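Hi everyone, thanks for coming. Let me put today's structure up on the screen.

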Amino acid sequence: MKKVLEVRDLWFRYPNSDWILKSLNLDVYEGETLLIIGKSGCGKTTLIRTLVGTGVNIYGGEIRGRVIADGRGLEEYSVEELRRVIQIVNQDPRTHFIYPNVYEDLYSYSLHIYGAREKAKEILDEISKYLGIKHILNRLYFELSGGELKRVAIAKAMLSKPKIVMFDEPFMWLDDIGVKNFLDVLARLKNSGITIVVFEHRFIPLINHVSRVLKFSNGSLNEVPLNILKKVHHTLFHSKIANASSVLNNKRVVEINGVWFRYNDIPILKNISMHINEWDRIAIYGNNGSGKSTLLKIIAGYLKPKKGYVKRFGRAIYIPQLITLFFTEESIEQELKNICRSSRNSKDCYSKGYSILRNYGFDDLTQTPFNLSWGQQEKLAITLSLAAGFNIFLLDEPFSGLTYIDRIALIDYLETIPGAKIVTISSSDSISLLRGFKLYKLNDGLLTEYTPDAETLHSIDYNTLIQIYRD
Amino acid sequence: MLRELAYIFTYRADLKISLITKLYIPIALMLFLLLAINSKNILLTATQLITILILELSILMYIGSLKRIVSAIIFITIFISIGLVIRTLSIALSYEPTALEDMILSTLRVIEFFLAITIALQWIKVSEYRWIFKKLGLSNIATLLTLVLTQFSPILIAYSEALTTIRLKYGGKALQKVVKPLIIYSLNYGRDIAEAIYMYGISEPDIEVAIEKVDVMLIVVITIALIQLCIIPNYVIQ
């Protein structure tokens with residue numbers, strides 16, 4: 001088979017940083033679908049930046065080694081030429097838009113590539129039919145769902161008819177519908193013979209769609225046999241979800257009764273009732289836009305229900321999906337000082353908080369929270385809140401940026417934290433990990449107890465996962 | 001509130017109206033409000049302002065949805081409430097307040113001026129602003145403005161999320177703390193946009209400036225309405 005991408009002895013580092021890519025070698029063959037997995041923050045995105053030149057041209061990094069794309073060295077291409085060989089779909093597809101209207105953005109890009117109006121329209125028409133986006137062309141990009149947005153971003157990447165398309169964490173922010181949508185597009189791209197490279201740590205939905213898997217660690221790539229990945233979720237899971245922990249003398253901390261909420265006269269939540277006890281761990285599962293975040297903000301007391309009431313017998317904290325928005329200070333110590341200022345006894349809070357942070361593994365309080373990994377930031381936000389006396393933890397999509405191992409670690413961590421924990425999830429591949437959680441589904445404004453089907457309750461073989469990620 | 005603001009800069013891209021019409025109407029409305037309002041007779045001023053308000057709300061309705069009308073009405077209510085609060089305060093502090101009818105009419109005039117700007121923002125596409133600035137020889141400003149207007153909504157939505165978080169974290173006491181996470185978020189988001197621009201470039205818009213029947217009709221109707229609103233009060237006063 002012909003090689004379309006050949007990487008030899010590639011080294012890369014950002015200004016004032018250590019080498020992130022270390023003598024990396026990679027061969028990508030024409031028409032194959034390659035999956036590259038790796039821990040959060042291991043350098044997957046850096047590899048993409050190096051392969052397309054943004055690492056040097058945007059970040060001012062240093063590169064050594066050789067990248068040959070479609071028979072020519074990367075340095076021999078102009079940016080315009082490179083667009084016809086490699087294209088990328090970023091983690092956040094919103095950043096791809098120059099104009100807010102989808103048609104306007106895609107058409108102007110098509111015109112930019114092909115020059116003539118007729119040709120630009122013809123190619124756009126062909127691609128939008130092929131990817132099934134004709135019905136959303138006249139919409140504004142920020143009104144689209146995550147899945148639709150991803151589809152449009154893929155259409156934009158396809159307009160230049162590249163030989164290779166790279167996807168950086170395509171499942172980020174996607175719900176089950178979005179994931180299904182993406183897999184459908186992936187199948188279409190594969191059928192048209194395009195070479196696809198997917199960088200994604202949530203590999204379970206992709207296992208049956210890729211031809212090869214490589215693991216990125218310590219700056220280089222190693223092949224992982226596909227059958228090992230398939231082993232990770234081979235048997236049915238005997239749900240521990242149904243056996244949600246029951247604690248004696250479990251005090252009620254939240255009482256939600258007949259809550260209704262509307263946005264612009266559209267009912268988002270309809271007659272929601274629920275009781276949450278002090279030691280409860282609750283997961284609310286629903287697609288994007290189903291009202292999960294709204295419900296958390298109502299529980300927290302930030303939004304007022306239009307009808308019904310919420311009674312809180314404790315302090316609630318909301319931890320957002322974009323976890324970096326939680327932190328305001330340059331060190332963990334400053335974070336603790338500031339969060340303690342809002343508690344009744346700030347001195348007591350600070351001394352207790354200091355030991356709580358150390359007990360939960362945050363030894364270096366001088367480090368900045370912004371440099372921690374996604375999973376560590378989630379844990380820090382919970383621990384700081386615990387130190388400040390919050391006992392109702394509302395976590396909005398805490399698993400979206402985490403690998404399966406990090407998800408399991410966060411779930412284990414939550415088990416050790418006193419207080420009620422309510423998490424929202426939009427993808428079913430986290431459900432089987434949620435040991436000890438009561439599961440609810442929010443759909444069409446209604447909240448119901450949810451029993452997942454056998455397919456959803458696949459097992460995650462933790463030992464095999466550890467084996468895969470072992471360096 | 002921040003999420004509502006995000007919709008100020010949204011527009012209907014399927015409107016088949018020439019850029020010339022889209023520029024002419026808001027500019028004509030603004031010039032009328034600046035130069036042609038007859039402030040000698042309260043009744044006539046009120047008639048002129050109410051007619052302009054109806055015109056502006058009709059255009060907003062034509063451009064988009066009920067959401068925009070609601071935003072416009074909220075906007076009006078906020079301005080009038082501020083005026084009333086200031087007036088009440090001046091009475092309480094024993095100052096001589098402006099006459100209530102003068103206050104309402106001048107507030108209405110300011111609101112209508114802002115509504116005309118809103119029409120321009122909601123009616124003229126981002127790509128058309130880019131085209132205008134480039135024609136004026138301001139290429140860099142055109143690029144900056146394009147990106148700011150296009151990326152305004154998602155950034156505002158992130159800002160609203162940050163405000164919620166910080167209010168709950170610090171109990172509403174230290175809202176200024178929101179600045180740091182927002183700066184970090186904006187820097188990261190801006191860097192992602194720079195990467196996307198590197199890969200996709202900034203494509204030039206394809207702008208049509210030809211005038212169609214609908215444009216002629218709109219320009220004629222608005223012009224006649226404004227001229228009549230200018231002339232009639234003078235006859236009535238005489």
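First, some housekeeping. This is a predicted model, where local features need pLDDT of at least 70, side-chain atom pairs count only at pLDDT 80 or more, and totals for chains, interfaces and linings use all residues. Residues are numbered from 1 along each chain as its sequence is written, chains are lettered from A and ligands numbered from 1 in the order in which they are written, and side-chain values use heavy atoms, leaving out hydrogens and water.

So, who takes part in the contact (heavy atoms within 4.5 Å)? Chain A brings 61 residues and chain B brings 53. Together they bury about 5,200 Å², with 58% of that on carbon and sulfur atoms. Buried area here is the accessible area, with a 1.4 Å probe, that two parts lose on being put together, summed over both. In chain A, the residues losing the most area to chain B are Ile98(A), Tyr302(A) and Leu325(A), together 14% of what that side buries.

What about charges? Between chain A and chain B we count six salt bridges, each a side-chain nitrogen of Lys or Arg within 4 Å of a carboxyl oxygen of Asp or Glu. One of them joins Arg117(A) to Asp206(B), at 2.8 Å from N to O.

Now the helix, α9 of chain A, residues 292-300. (Helices are DSSP runs of H or I, at least four residues, numbered from the N terminus.) Eight of its nine residues are buried, meaning under 20% relative accessible area with a 1.4 Å probe, protein chains only. Among them are Leu295(A), Leu296(A) and Ile298(A). Just after α9(A) comes Gly301(A), with a positive phi of about 90 degrees.

Notes:
Contact means heavy atoms within 4.5 Å. Buried means under 20% relative accessible area, exposed over 50%, partly exposed in between (1.4 Å probe, protein chains only). Helices (H or I, at least four residues) and strands (E, at least two) are DSSP runs, numbered from the N terminus.
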